[in-house]
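Let's take a friendly walk through a protein model. Have a look at the fold below, and then we will go through some of its parts together.

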Amino acid sequence: MGREVSESCIDSLLTEMVSSYCNRFYANKPELAARRIEAIGYQVGHQLSERYTMERPRFSDHLEAIKFICKDFWSELFKKQIDNLKTNHRGTFVLQDNRFRWLARMSLDPTAEEGVPQDPAALAESKAAQAMSMYLYFPCGIIRGALSNLGIPCAVSADISNLPACSFVVRIKA
């Protein structure tokens, strides 16, 4: 039986990490905070991938490794598989989680902040959306670190179109 950590502990740790980097350490440098949060995620993903693939043979191609991330790796982290995987067969993969656990308790309520415009384009630029995007650097780092450990250099970005759904776009570097 593997060691497990309470979901609420992970949620609290993620919240505190993002808060610390965004509001204390790099309050005036959000791009630096984002890079640091992503770097921490990278280390976590790299180490977890090492642990979860110890008994497995090396993957023969990118698609096999991405499928491992979507099924086994995601199941270990979130107790569920990625809901949808799409690819253009040219090095870009989109991993869709329809109920991403770390966003499940968040919302972008335009009435929550006074003076925030109601139209979607302006809402995307709002402080709430920017703050929420900071939470996605950590899982992007986890995915990038895991794939890096599998020998696949890539760039990972996230897209929130309809909470709590989240899409992770993985672009393999040639």
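## Strands, core and helices

Strand β1 (residues 84-87) is joined to β2 by four bridges, and the two run antiparallel. Strands count as paired if DSSP finds at least two bridges between them. Helices (H or I, at least four residues) and strands (E, at least two) are DSSP runs, numbered from the N terminus. Together β1 and β2 make a hairpin with four residues between them, and H89 in the turn has a positive phi of about 60 degrees.

This is a predicted model, where local features need pLDDT of at least 70 and side-chain atom pairs count only at pLDDT 80 or more, while totals for chains, interfaces and linings use all residues. Residues are numbered from 1 along each chain as its sequence is written, and side-chain values use heavy atoms, leaving out hydrogens and water.

L85 stands opposite L95 in β2. Beyond neighbours within four places in sequence, L95 is in contact (heavy atoms within 4.5 Å) with residues including I66, I69, F168 and V170.

L95 is also among the residues that touch the most other members of the largest nonpolar core, which has 42 residues. Such a core is a set of buried (under 20% relative accessible area, 1.4 Å probe, protein chains only) Ala, Val, Leu, Ile, Met, Phe, Trp, Tyr and Cys residues joined through side-chain atoms within 4.5 Å.

| Element | Residues |
|---|---|
| α1 | 7-25 |
| α2 | 30-52 |
| α3 | 62-78 |
| α5 | 127-149 |

Finally, G45, L48, S49 and Y52 in α2 meet F68, F73, E76 and L77 in α3.

Definitions and conventions. Buried < 20%, exposed > 50% of the residue type's maximum accessible area, 1.4 Å probe, protein only.
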